[in-house]
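Here are my notes for you. Keep the model open while you read, and check each point against it.

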Amino acid sequence: MDMRLESLIFYQIYVNSFCDSNGDGIGDIKGVLSKIDYLKALGINAVWLTPFYKSPGKDNGYDISDYYSLNVDMGTTSDIETLIKSLHKNGIFVIVDLVANHTSTAHPWFENSRQKKGKYKDYYFWYKTPPNDWKSVFGGSAWAYDEVRNEYYLHSFATEQADVNWDNENVRKEFEKVVDFWLKKGADGFRCDVLDMIAKDFEEGKNGNGEHLHAYIKGLFHRKGVKCFTVGECWSADINLAKDLTHPSKNALTTLFSFWHLCLEKGRFAKGKPTLYQMLSRLSTWQTQTLKEGLTPTVFFENHDLPRSVSRFCDDKKYRYESATLLGAMLLTHYGIPFLFQGEEIGLTNSWHDTIDGYPDVESVGFYFSKKTKLLKGERLKRIYFGGRDNGRRMMPWTEKKQKSWLAPYDRQREINVKKDADSQKSVFRFYQALVSLRKQEKCLTQGAYVCTRMTKNAYVFTRESDGEKITVACAFEKGATLPEIEGEIILSNYEKTGSRFQPYQVVLYKQIL
Ligand code: GLC
Ligand code: CA
């Protein structure tokens with residue numbers, strides 16, 4: 001199989017909610033297996049599977065209590081082996097989630113650590129009194145008191161997710177074993193959860209990005225006999241960190257997720273929506289910077305921690321098709337590795353629910369109750385609707401029939417689902433198929449130089465060029481725009497009529513032989 005970076009097109013599968021094979025309301029590995037034809041039809045050639053490991057489920061599987069076995073709801077070891085083999089047979093690479101910053105407090109390491117047993121004593125960060133005032137990402141103090149040990153431990157996320165101590169060599173060895181285990185099972189690499197947080201610096205007051213970050217990552221992935229694809233989730237990444245961790249000469253990661261283009265508000269539940277212009281301007285700057293430094297960036301707008309991009313940046317009602325296809329074109333024509341998130345290829349939107357029961361994510365619930373005296377209920381729900389993580393986590397709507405589900409189903413399932421999209425004249429999925437096959441055919445889309453030729457409040461135009469061929473991608477934002485004439489033959493558009501006057505969310509691709 002062709003694992004050259006430029007040929008990769010990833011699809012993120014949120015396993016809990018992709019496909020439920022046994023009707024218990026939880027997506028599972030066998031469900032993924034049953035949808036390989038769907039993935040092939042879309043044309044992607046790599047998948048990222050979110051955690052399927054044993055977990056008490058306090059943070060939907062990101063609180064792992066055993067790195068070597070599957071959660072009973074997800075399937076068995078033999079199911080995952082079969083899935084990896086079948087994906088490979090179909091030309092699809094597989095990366096799995098590696099959660100290395102923390103374990104569940106139900107993990108035996110933690111149990112042993114709280115009892116100060118042997119080598120486990122210092123597997124976590126223990127203090128008689130909290131040494132600083134770090135906050136948990138999910139709200140409140142990042143320090144929790146443990147009665148058994150009579151000390152405080154660090155948890156950067158939920159109380160049940162204890163941060164492990166990477167300064168301890170034994171901990172580093174444990175994760176080497178985890179990496180080796182999954183590579184042996186056939187995984188082609190890892191998506192590394194909040195990876196920039198594994199190296200702390202207590203003296204500098206930094207809960208992440210500490211001075212040993214590069215060394216720890218290099219130590220984990222650049223050992224004899226280990227060769228794999230790695231993408232680090234790094235919320236703090238700027239171009240310097242990206243250079244340090246992903247330049248090929250640094251022997252650390254293949255690529256990383258930078259969130260700079262997506263962190264546009266003051267926090268997840270801030271008031272107001274960012275604009276498409278704001279997001280794409282940053283994406284464009286990131287493209288130029290990473291290319292200049294010789295790095296391979298990722299390109300993505302959604303994942304299981306983000307709201308749906310159509311609702312967030314565009315118009316999810318009147319222009320939903322146009323919005324979804326424009327975003328799809330942005331994903332698949334830029335420089336770097338595209339990561340599609342399940343449901344994006346049919347233009348899923350955020351989902352409205354009248355009570356907090358519709359948004360059970362730990363982060364949303366935390367916000368809802370902590371703001372009780374400051375914001376009216378309606379306002380809190382509205383903020384959660386716009387920014388909450390459950391938007392990306394609802395069961396994939398394969399048909400209009402709502403299945404039993406662990407999470408309240410998508411509110412627009414009757415109107416927006418895989419079947420209906422396929423039957424529609426205006427199919428988002430078919431537009432994605434066209435984009436994916438273009439990306440596979442046109443060398444300039446994967447290897448060509450990137451030049452932004454226009455970025456205004458109303459429109460964005462850029463070119464990709466290599467070996468005497470040039471593709472120009474032009475799009476208008478919500479108001480439409482009049483653009484100067486662009487040379488070349490039109491090869492794809494999300495409107496039937498094209499001309500110099502661009503309609504709202506219109507995108508047009510032109511090809512020119514130079
Ligand atoms: C990452 C995951 C997110 C999780 C957090 C803690 O950001 O993507 O879902 O809550 O890490 O593991
Ligand atoms: Ca199931």
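**Notes on the predicted model**

1. Start with a loop. D467 lies in the loop between β17 (459–466) and β18 (469–476). Strands here are DSSP runs of E with at least two residues, helices are runs of H or I with at least four, and both are numbered from the N terminus. D467 has a positive phi of about 45°, although it is not a glycine. Its relative accessible area is 62%, so D467 is exposed. Exposed means over 50% relative accessible area, buried means under 20%, and partly exposed is in between (1.4 Å probe, protein chains only).

2. Some ground rules. This is a predicted model, where local features need pLDDT of at least 70, side-chain atom pairs count only at pLDDT 80 or more, and totals for chains, interfaces and linings use all residues. Residues are numbered from 1 along each chain as its sequence is written, chains are lettered from A and ligands numbered from 1 in the order in which they are written, and side-chain values use heavy atoms, with hydrogens and water left out.

3. Now another loop. N150 is found between β8 (143–146) and β9 (151–154). Its phi is near 60°, a positive value in a residue other than glycine. N150 is partly exposed, because its relative accessible area is 44%.

4. Which residues coordinate the calcium ion (ligand 2)? They are D20 (OD), N22 (OD1), D24 (OD), I26 (O) and D28 (OD), at 2.2 to 2.4 Å. Donors are N, O and S atoms within 2.8 Å of the metal (3.2 Å for Na, K and Ca); water is not among the atoms, so sites may look incomplete. Along the chain, the donors follow the spacing D-x1-N-x1-D-x1-I-x1-D.

5. Is D20 buried or exposed? D20 counts as buried, because its relative accessibility is 16%. N22 has a relative accessible area of 52%, so N22 is exposed.

6. Next, the whole protein. It has 15 helices and 22 strands. Its C-alpha atoms fill a box of roughly 70 × 50 × 45 Å, taken along the principal axes. Of its 514 residues, 59% count as buried.

7. Finally, contacts and charges. Contact means heavy atoms within 4.5 Å. Among contacts in the protein between residues at least 6 apart in sequence, 66% join residues at least 24 apart. The protein has 71 positive side chains (Lys and Arg) and 65 negative ones (Asp and Glu), with His and the chain ends not counted. The centres of the two sets lie 2 Å apart, with each charge placed at NZ of Lys, CZ of Arg, CG of Asp or CD of Glu.
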